[in-house]
Amino acid sequence: MPRTRTARRLAAAVSTVLAVTLGAGGMSAPALAAPPAVPAAAPDTAGARASAEESASPFPAGFRLTGATATGYLVRSETALDHRWVSGVDGTHTTLASSSAANATGVGDLVVDRAPNAAVLRDMAAGTQLLRVAFPVGSGISYAGGAGRTIFTTVVDEGGRTVLRGHGVDGVVTPLTGLPAGATAIAVGAATPEHALVTFTAASGERTWGFVDLAASTVSVHGPIPPAGLKGDVAVSRTHLAWVEEEGSKGSVVVVTRATETTQRIPLGASAYGVEIGLAGDWLTYGVRGGHTSGTPDPMHALTARHLTKGTVRPLLDHVNSAATGPDGSLYVRGGTVAKGEGVYRIAPPTADGAPTAELVATTGESTALSLLGHDIGSVIDLDAPHGQRALTWRLSRHNADLTGTLRHVRTGKTMRFSVTHPYTPDYTFPWQGDLGFDERMSAYNGEYTWEFTARPLNGIGPDLKGSGRFTVTRAPSAHDFTDNGAPDLLARDAGGRLWRLDTDYWAFADQLEGTDRALVGGGWNTYDLIESAGDLAGARTDDLVARDRSGVLWLYLGKGDGTFTARTRVGGGWGGYTSVAAGGDLTGDGRADLVASDASGVLWLHRGTGDRSAPFAARTRVGGGWDIYDGLTLAGDLAGAKAGDLLARDRSGVLWLYLGKGDGTFTARTRVGGGWGAMPQLVAIGDADRDGRADLLTVGSDGYKWLYRGTGDRTAPFRPRGLANLVLPEWDGNHLI
């Protein structure tokens, strides 16, 4: 025997005066509690899902089910006033005129489509119009619904009585009998093949329901709708009538056996919302809509079948979105299972001793379990701009998950852990600041990385999702960088002759340079009276060191790019005659690091870089005399936007002067930077510490405080006001901060 139930959105299918109609308020129902938990549908294999999708017709993603016809579905967009009929044969769409709702009539592929001031009965599969009923403004005619092959309207007669009328496809208009006097706000919707469900407001003010005999055009009144059931869902079959009652936070389903009028109440417990119910023989189906996008787990998310006499429960779907009944009495549910995915499932009527089963008949092609749809990470990430930052985005199949993950630098094993919590959008974005670590952060190294994440579905539907991939970080070499991470490093020698490396990381939000990842380079460096960061002298990505021993021999240490250096190579002797040495800048514009030094007589000499590790400097050339007025020289990089590097010189009265490089190894006339620099015994050309593309300067005062002077690019005022640098240095000898 076929079974069916009422259309779900009855109030949406009638005029707006029907503000309170049984079955119309399911979406706004108060919270209901859950019955005893039942196990979720067991996950199937990927092959089973693929097989189910192959046999199912296409169904549009982002649409909910509002009705079912013999060969198709009525659907409505989740986000717009977009109503369509979708063929269950080939998935083709027919857009409907209705701005509120269209409803299936329970016969074949017939649908009542609301046009402005009219209702049209259409055969959707045939593409034909069977009947059009107009109700112009001011005519007193109102649309009441559609069922079978009939459109229903109401009109107020001369005596002030509201008359319910049926408009047949043969053009005959038949008044219905049996409706109580004083009935108003009448609505009709499909129920069983023989009957339509009618609801109305009785003269007493109570909402009341009954049935329309479609063949006889008569109404039989069932009785008042309980106040607790006004906002809940309703289901009708030839044998049963069921509705959801809600009182406060408690809920239950009331089921009436139509032949005997016996009633049973099935408690739902507490904390459920928007219960969707259906009838399939002696089984009641129930579940809470919206479980797929919920932010919390709830056993009521699953669509469950319960035997009305034995109390046996069976899981059918992992979640339910919407439902409708077809003309043959089959229940169709828009929902999903982890095993077969998202789409429309037909709840097949049970055998005599069996339970209903769910068959996927139309698929959106989407996964019910959380899935990775794509990401924007790419294979190469350039961290040079902007400011060494990059947003990393993973697009998942839904927004209700917590994602945690790790970025890992393959060479060093250094990591960055991250999390994105319930973003309310399918895009899970981690705004990577281009750093690694947590308590002690450091700039991310160049090279290969892996990423991996685990996303936990907050609704408890499906397993955790895991994803992984690889990418490469690349950026141009930067000055004073010994670890190939784009951030300058500092080297400091302690009193015992050990050389330490301190990586730095600039925190823009605090406007402060931080020290990170302190490491010992090695011992024995007290044999030198001068150590200088010399820039790239031999064509590698990272800076090198030159060191002068106490006999005047200059030695070269090539940077390996991991914070350590190769064994030293002898550059040559005779370097003991220099009182000041500055290295690390390109003064000649050839792309190679050069070195300048002043001797005791005040002559400044240029040693051009060659790029050859065995002979890193060419024979010296004279720049000029009079440089004995200065007690400190620093090659500061490009401070004013020219091609060549610039030179800072501090005189013995503490005034700092700027010499702009011309690009040929000579300099412009000096420009006064300012006084008071005598209180800063250490000036370090640290490179671009704040990653704004301009060279900066680090100083250490006689009081031990470290200050960062950020470059401006303006030759007349080359530095911003100083900012405190949070650098914890080892016990250094006071002379060698590199």
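Visitor: How many nonpolar, polar and charged residues are in the lining of the second largest pocket?
Guide: Bearing in mind that this is a predicted model, the lining of the second largest pocket divides by class into 13 polar residues, seven nonpolar ones and seven charged ones.

Visitor: And how much space lies in that second largest pocket?
Guide: The volume of the second largest pocket comes to about 590 Å³, and of the 27 residues lining this pocket, those closest to its centre are Glu78, His292, Thr293, Asn321 and Arg334.

Visitor: Which strands supply at least two residues of the lining?
Guide: Both β2, covering 63–68, and β26, covering 319–325, supply at least two residues each, and β26 gives the largest share of the lining, with three residues.

Visitor: OK, switching to the open sheet of four strands: what is its order?
Guide: The strands follow the order β51-β52-β53-β54 and their pairing is antiparallel, with β51 (630–637) and β54 (671–674) as the edge strands, each of which pairs on one side only. Neighbouring strands of this sheet are turned against each other by 30 degrees on average, direction ignored.

Visitor: What holds strands of a sheet together in general, parallel or antiparallel?
Guide: In either arrangement, strands of a sheet pair through backbone hydrogen bonds.

Visitor: Then how many bridges join β53 to β54?
Guide: Three bridges join β53, residues 656–659, to β54, and the two run antiparallel; among the residues involved, Leu656 has Gly674 in β54 as its bridge partner.

Methods. Residues are numbered from 1 along each chain as its sequence is written. This is a predicted model: local features need pLDDT of at least 70, side-chain atom pairs count only at pLDDT 80 or more; totals for chains, interfaces and linings use all residues. Side-chain values use heavy atoms; hydrogens and water are left out. On a 1 Å grid over the protein atoms alone, a cavity is a set of points where a 1.4 Å probe fits but cannot get out, and a pocket is an open set with protein on both sides within 12 Å along at least five of seven lines; lining residues have an atom within 4 Å of a point. Grid points are joined across faces, edges and corners, and a volume is the space filled by probe spheres set on the points. Ala, Val, Leu, Ile, Met, Phe, Trp, Tyr, Cys and Pro count as nonpolar, Asp, Glu, Lys and Arg as charged, and the others, Gly among them, as polar. Two strands pair if DSSP finds at least two bridges between them. Axes are lines fitted to C-alpha atoms, for helices over the stretch in contact, and angles run from 0 to 180 degrees between N-to-C directions.
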